[in-house]
Amino acid sequence: MEMFRFIVRKLVEDRVALLGVILIMALIIAAIAAPVFSTFPEDVADFHPKNRLLEPDSMFWFGTDRMGSDIYSRILFGARITITIAVVAIGASVLIGVPIGLVAGYYHGWFSEMLMRVSDIFLAVPQIVLAIAIAQTLGPSIENVILALSATYWPFWARLVYAETRSIQNEVFVEASIALGASPFRVMVMHVLPNISSSIIVRTTIGMGGTILTAATLGFLGLGAPAPSPEWGRMISESREFLPEAWWYATAPGIAIFLVVMGFNLLGDGLRDILDPRIRRSVHRDK
Amino acid sequence: MTTETQDTATENTAKEDTVLSIAGLRKYFPVRNAWKRRIGWLKAVDDISLEVRRGEVLGIVGESGCGKSTLGKTLMGIHPPSGGQIVFEGNDITNMKPGASRGLRSSLQYSYQDPGASLDPRWKIGRSLHEPLEIHTQLSREERDKRVRSILKSVGLPEGHLDHYPHEISGGQQRRVGLARILTLHPSVIILDEPTSGLDVSVQATILNLFSDLRQEFNLTYLFISHDLSVVRMICDRIAVMYLGKIVEIGDTETVFSNPRHPYTQSLLAAVPIIGGRRVTDNFWLQGEPPNPGDLPSGCRFRTRCPNVRPECADKEPELRSDWEGQEVACPYAE
């Protein structure tokens, strides 16, 4: 709790990170309150051929698409898909990667080596290519995008946690707990994990941005949710036929992706400045 | 008849008196080259045999890197021993990990050289003090709290410190917390690793007094690892002098200090400055660095620095000789 208050206080002081927080809050509010804020909520599925490809005006704030649907409303609903994909895929990656990294880092032996070599194999394959392969094999759907992203993202957490565990393991307090008789599980969960949590939080925040970008890429390639879905990447993909005349068609989802990814990256950078143990320790020494 | 009964009685007390006995204990670390091939062994602890009597303070002294801390950590099971036997309270604990056989291990505890670093920086003092009890006992939260508070009083810390983080208290207080953490388990033997290092002299004195008080209060036996000879002389009943992983001299503190017989002990004691005494340099003949412990000289390992070295010293490793009352020396030419 004290930790949380400390982070909030520091974030408020850091203007750039605060901008990140505001952008992410905007995304969350847009996702939750999409039916309230959208001007034509039913336009996610409906189409109105007579309103096809209208320029932005007072009625259709961001213009309309090839089906005559209001782009502004669709973007708000698209935020839901973006958040779902990012949270579930990153959550799964953390749940898979952190325990693997922790176990591989704590124990020294062939099993640890094997775990890390497996994660190396996943890291060696270009992420987008692997995600395309998985999405292609299993067919385009949001579930498969999430599966593809989780399968490709977990090694980043495994590697990070592995390295941090190996370094924290040399700290005297870890050895002291072992000498007291603490079980490996206790040492890992109660001593090692809390002491490396800041790195995990920072990596997770920055990872969110990357995941959203990759998800949009998969959507753009037609591997995401099928047709009427207001997924941002898919919207940009659809707009290609009508460029450059219908300039607004790609602009709105493009800016949405840009702002959200930037928000997570700014917050991640801010959190790293606040939580990085080296920087924090020097702050304590100055006091 | 009477003499017989007496003999068995003394034998029994002698057995009961030994709380920790070490026989031929070895800890070798592999020395590897750039390709991770083993090219030799670093003999940090090499064939050490010791008996620790109940209630005594046994000092282990020697230069940095002579294997004092490794000896302590091997006894604790932090390093698995390479050979030999450790018998604690009549049970062989040689290859037990610290987590195994909890009842036994909880009564043999290790106090770290740097108590600040031995506390989890993210845990409040109170939580760190509860941890040993959580691991080793089934006590409820209230019972644990009661015991923690009583121990805290014994080591002379205010209860308010329970809510502090380790970096918020001083070095002397961290030392007290480190002790309290161990004492919650009511151990019988505590290995104190350089317990006075990093403390200024006045704090050192109070901490040493605390050790004596706690020893009486909890019936403790100490293994006092230190390189500070004046402190060792003050607090220890017996001392063992280590050189490169081996004990070269062991005996009652006063005997060893007043009449050191091994040339290494002699030079080590001569290095202690005495107010009004001779200048240290006059009789300090120990020169140079000790040889690389990964590449020891043949025969006596002290011969490269020994003032009385003879050609025969290179042939055979000297054994401890118990030719004197209360003193054993590993030098065939000691008088």
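Helices (H or I, at least four residues) and strands (E, at least two) are taken as DSSP runs, numbered from the N terminus. By this convention, I28(A) is placed in helix α2 of chain A.

The structure is a predicted model, in which local features need pLDDT of at least 70 and side-chain atom pairs count only at pLDDT 80 or more, while totals for chains, interfaces and linings use all residues. Residues are numbered from 1 along each chain as its sequence is written, chains are lettered from A and ligands numbered from 1 in the order in which they are written, and side-chain values use heavy atoms, with hydrogens and water left out.

**Interface of chain A and chain B**

The size of an interface is often given as the accessible area lost when the parts come together. Here chain A and chain B bury about 2000 Å² between them, 53% of it on carbon and sulfur atoms; buried area is the accessible area (1.4 Å probe) that two parts lose on being put together, summed over both. Of the area that chain A buries against chain B, 31% is supplied by E175(A), A179(A) and L180(A), more than by any other three residues. In terms of contact (heavy atoms within 4.5 Å), 22 residues of chain A and 26 residues of chain B take part.

Three salt bridges are counted between chain A and chain B, a salt bridge being a side-chain nitrogen of Lys or Arg within 4 Å of a carboxyl oxygen of Asp or Glu. On the side of chain A that touches chain B, α1 (2-13), α8 (172-180), α9 (184-220) and α12 (277-286) of chain A each supply at least two residues. The largest share, eight residues, comes from α8(A).

**Salt bridges**

Over all chains the structure holds 24 salt bridges.

| Pair | Distance |
|---|---|
| K73(B) and E175(A) | 3.3 Å |
| R159(A) and D120(A) | 2.4 Å |

R159(A) lies in helix α7 (residues 142-168) and D120(A) in helix α5 (residues 110-124) of chain A, so this pair ties together parts that are 39 residues apart in sequence.

**Nonpolar surface patch**

M25(A), I28(A), I29(A), I32(A), V36(A) and F37(A) make a nonpolar surface patch of about 610 Å². Patches are made of residues with over 30% relative accessible area and no salt bridge, like charges being joined within 9 Å and nonpolar side chains (Val, Leu, Ile, Met, Phe, Trp, Tyr) within 5 Å. Accessible areas come from the Shrake-Rupley method with a 1.4 Å probe, and for residues only the protein chains shown count as cover. Helices α2 (15-32) and α3 (34-37) of chain A give two or more residues each to the patch, and α2(A) provides the largest share, four residues.
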